[in-house]
Amino acid sequence: LKGRLVVVARNQATPDTAVEGTNARFEDIPAENRVRLYFPGKPAVEIRTRLKSCGFRWSPISQAWQGYRNANSIAVAREIAGVPS
């Protein structure tokens with residue numbers, strides 16, 4: 001439990017990151033434990049299928065595709081958004 005508190009405190013202190021990629025805007029929001037992708041329009045079926053298979057879901061409130069923040073979701077989101085590593 002103490003280890004989890006350290007992780008949560010570190011995430012709360014980490015600033016948000018927003019990067020404009022070639023395909024979408026990528027946002028890493030550690031305080032909310034979320035990764036979001038904002039597309040200029042509706043993404044292609046192949047992209048939506050890949051997002052869903054990687055745990056992303058459409059959020060009508062934020063008008064973005066979002067997933068829980070972890071190494072895999074960050075890597076997938078950066079790749080789909082077209083953000084260089």
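**Strands, shape and surface**

Mentor: Strand β1 (residues 17-20) runs antiparallel to strand β2 (residues 25-29), and 4 bridges join them. This is a predicted model, in which local features need pLDDT of at least 70, side-chain atom pairs count only at pLDDT 80 or more, and totals for chains use all residues. Residues are numbered from 1 along each chain as its sequence is written, and side-chain values use heavy atoms, with hydrogens and water left out.

Trainee: What makes β1 and β2 a pair?
Mentor: Strands, which are DSSP runs of E with at least two residues, pair if DSSP finds at least two bridges between them. Here 4 bridges join β1 to β2, so they count as paired. In one of these bridges, threonine 17 has aspartate 28 in β2 as its partner, and the two strands form a hairpin with 4 residues between them.

Trainee: Which order do the elements of the protein chain follow?
Mentor: From the N terminus on, they run α-β-β-β-α-β-β-α, where a helix is a DSSP run of H or I with at least four residues.

Trainee: How many of the 85 residues count as buried?
Mentor: The share is 35%, where buried means under 20% relative accessible area, with a 1.4 Å probe and protein chains only.

Note on methods: Buried means under 20% relative accessible area, exposed over 50%, partly exposed in between (1.4 Å probe, protein chains only).
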